[in-house]
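Here is a short tour of a few local features, meant to be read alongside the model. Keep the sequence at hand as you go.

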Amino acid sequence: MLIIRGIALLLDVKYVKNVPNLSSVWDMGLQLFRKHISLSPEIEHKTVTGLLRLIESERLGEATDKTLLSHLLKMFTDLGMYSETFEKPFLECTSQFYATEGVKYLQQSDIPDYLKHAESRLQEEHERCILYLEANTRKPLIATTEKQLLQRHTSAIIEKGFTMLMEANRVTDLSRMYILFQRVDAIEMLKQALSLYIRGTGQGIIMDEEKDKDLVPFLLEFKASLDKILEESFAKNEAFSNTIKESFEHLINLRQNRPAELIAKFLDEKLRPGNKGTSEEELEGILDKVLVLFRYIQGKDVFEAFYKKDLAKRLLLGKSASIDAEKSMITKLKTECGSQFTNKLEGMFKDIELSKEINDSFKQSSQARTKLPTGIELSVHVLTTGYWLTFSPMDVKLPHELNVYQDIFKEFYLSKYSGRRLMWQNSLGHCVLKAEFPKGRKELAVSLFQSVVLMLFNNAQKLSFIDIKESTGIEDKELRRTLQSLACGKVRVLQKTPKGRDIDDKDEFVFNDDFSAPLYRIKVNAIQMKETVEENTSTTERVFQDRQYQVDAAIVRIMKTRKTLSHTLLITELFQQLKFPIKPADMKKRIESLIDREYLERDRSNPQIYNYLA
C-alpha cells in the first residue's frame, strides 16, 4: 500500500483533493483491506491468535519480536479493528492467564514472593502498553491483572502471610502489601487484619498473670514496633493510626486496673537509683513512651493511687534517681490530665521543699543552739496529711537522745505553726550511725528500727530476742525482719546464735567484733518485704471508695440540673461523664444509696423515673 500510495501521490494531491466525496488512494486501500479481512474470518482469527500467542510467550519469558507486534497492532488500529477484533479477546486471555498463574503461584510460594511477583507483573503490563498496545487498553488491562492476581486472593494473602510479616517486622513487604491492597480497594480488610493481630498477639501476655513482670516492657516494645510499621509501611495513614489506638486501648483494658498498677510500678522502678547506664535523655524518652500507654488505660485513678504510694516512698527514703525526672513526669501527667490529677503529687514535692526550709530554720533557732544533745543531727520531713497516704504508725521506744531531739523539734515547730499537730512516723525514718569496730571505725546507713536495735549494744554484750523486743517495743514481725537484716544479711553487724536465716524467740545476739568492710560508709539493707496482697488490696479498695464518691457526685450533679430523669437516660449520662469503667449494676447500687439518703426519690406513677429532692 505504501508503494501504491507513492505511485499515485500526484493523483491524490492534484485530483482527489479537489473532488468532493472522493477518498484518497490510502483510505480506499484501507477500506478494501478491511473488507478483504472481514470476508475471510480465518485470516482474522489466525492473525489475532498469533498475536495472543506471541504476547503469552513474552509473559512466559520467551524472546519475541516486539517490532512485529507493534506493526501488526498498529495495522489493527489503522483499520479500526483494534477494540473489537483484538482488545476484547486479549483481555479475556489475560484474565485466564493470570487467574491460572495466581492460584498456582500462591500455592507454591510464600506471601513476600507472591507480592513481589504481582508487583512485577503489574509493571510488565504497564510497559507493554507503552511499547505496543493502545493507550486506552492500559486501564482495563491493569484492572484485569489486579483482579486476578490481587483482588481474588486478598483474604488468602492476609490469612497466609500478614501475621508472619508483622511478627518478623518485615516493613518493606508490609509496605508492598499496603500499596497493592490500595490498588484493589482492600485497605479496610488490611485494617481489620491489623486490629485482629494486635488484639490476638497481646491478649496472651495481658491475661497471663505469671507474665505481669514483663507486661509493661512488652507493651512498650510492641507499641514501638507498631509505630515503626505505621510510619514505614502504612504511610502514616490516619485510619491505620486510629486502628492501632483503638486496638491497643481494647488490649490494655482487658484486665481492668491491673495494667494501670503495673505501669505505675514500672515507673517506680525506672525512677529509683540503680538503672546503671541510663542517661537523663534516655530516662526522659522512657517516660514519654510510658505516657503513651498511660493514655490508653481507663483506670487512671488506679494508676494515680499506686504512683502516689510509690512516689511517697521514693521522696521520703531518698530513693529517687532524679528529682528533675520526677518533676518532669508530674508535668507530663498534668498536661495530660489537668491540675486536679496532679494536685496531691505536686503537694508532696512542696512538702519536701518546705521541710528543707523548716530544718534550716530549726538549726538556727535558739532551741537548737541551747537544748540539743551534742553529736546528733536530725532532719525532719513535715508532711501535710491530705497530700500523702495514710501511714499506719508503728510504736518504738526510742533512745533518750532521739526522744529529746523530737521533743525540742516539736516545741520549735508548734511555736512557729500554732494549732497544728505532729505525729511521728517512725517506720519511715533512717539514720547514719558511727560504729567503732576493733578493725576500724565505720558509718552505717540504717533504718530507724535498725538504729534503735544497734544502740542497745552500747550498754550490753549479749541480748536475746525477748530482751530486744521488750527494750525496743517494735512489733514482732517488723523486729524479726530488722534483726534478720543485721545478723543474716550481707552486712552482718550482729552475730546470731544459733546460726540460721530465720529469727526464733530463743535466739541470742552479740556485737560482731570481727566485722570488716573495705568502704567507710556501709548501707545495711533492710529485708524488703514484698508488697503484700493486703497492701495492694488496700490501695485498690481506696480507689473504689473514691470512685463511689465520684459516682454519687455525678448522679447528684445530673439530677440537680435535670430535676426529673428516667433510669436509662441517667445511666447513659453517667457513662458519658465518668472517666473510669463501671458496671450498670454498680451504678444502680449508688442510685439506691442516694434514694436511701433522700437525695433522690422514685416517681410515684413510674418507678423507672427519678426525681431530685432539693
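## Helix α10 and its surroundings

After α10 comes Asp185, which has a positive phi, near 55 degrees. Helices here are DSSP runs of H or I with at least four residues, strands are runs of E with at least two, and both are numbered from the N terminus. This is a predicted model, in which local features need pLDDT of at least 70 and side-chain atom pairs count only at 80 or more, while totals for chains, interfaces and linings use all residues. Residues are numbered from 1 along each chain as its sequence is written, and side-chain values use heavy atoms, with hydrogens and water left out.

Helix α10 covers residues 171-183, and its 13 residues should span 18 Å at 1.5 Å a residue, which agrees with the 19 Å between its end C-alpha atoms. That expected span is 1.5 Å times one less than the number of residues. Among its buried residues are Val171, Leu174, Tyr178 and Phe181; buried means under 20% relative accessible area, with a 1.4 Å probe and protein chains only. The buried residues of α10 pack against α7, α9, α11, α12 and α13.

## Glu146 in helix α8

Glu146 sits in helix α8, residues 138-149. Is Glu146 buried or exposed? It counts as buried because its relative accessibility is 11%. Leaving aside residues up to four places away in sequence, Glu146 touches Leu122, Gln151, Arg183 and Val184, where contact means heavy atoms within 4.5 Å.

## Strands β4 and β5

Strand β4 (residues 494-497) has Leu494 and Lys496 on its covered face, with Gln495 and Thr497 on the uncovered one. β4 runs antiparallel to β5 (residues 508-511), joined by 4 bridges; two strands pair if DSSP finds at least two bridges between them. Gln495 stands opposite Val510 of β5.

Definitions and conventions:
Buried means under 20% relative accessible area, exposed over 50%, partly exposed in between (1.4 Å probe, protein chains only).
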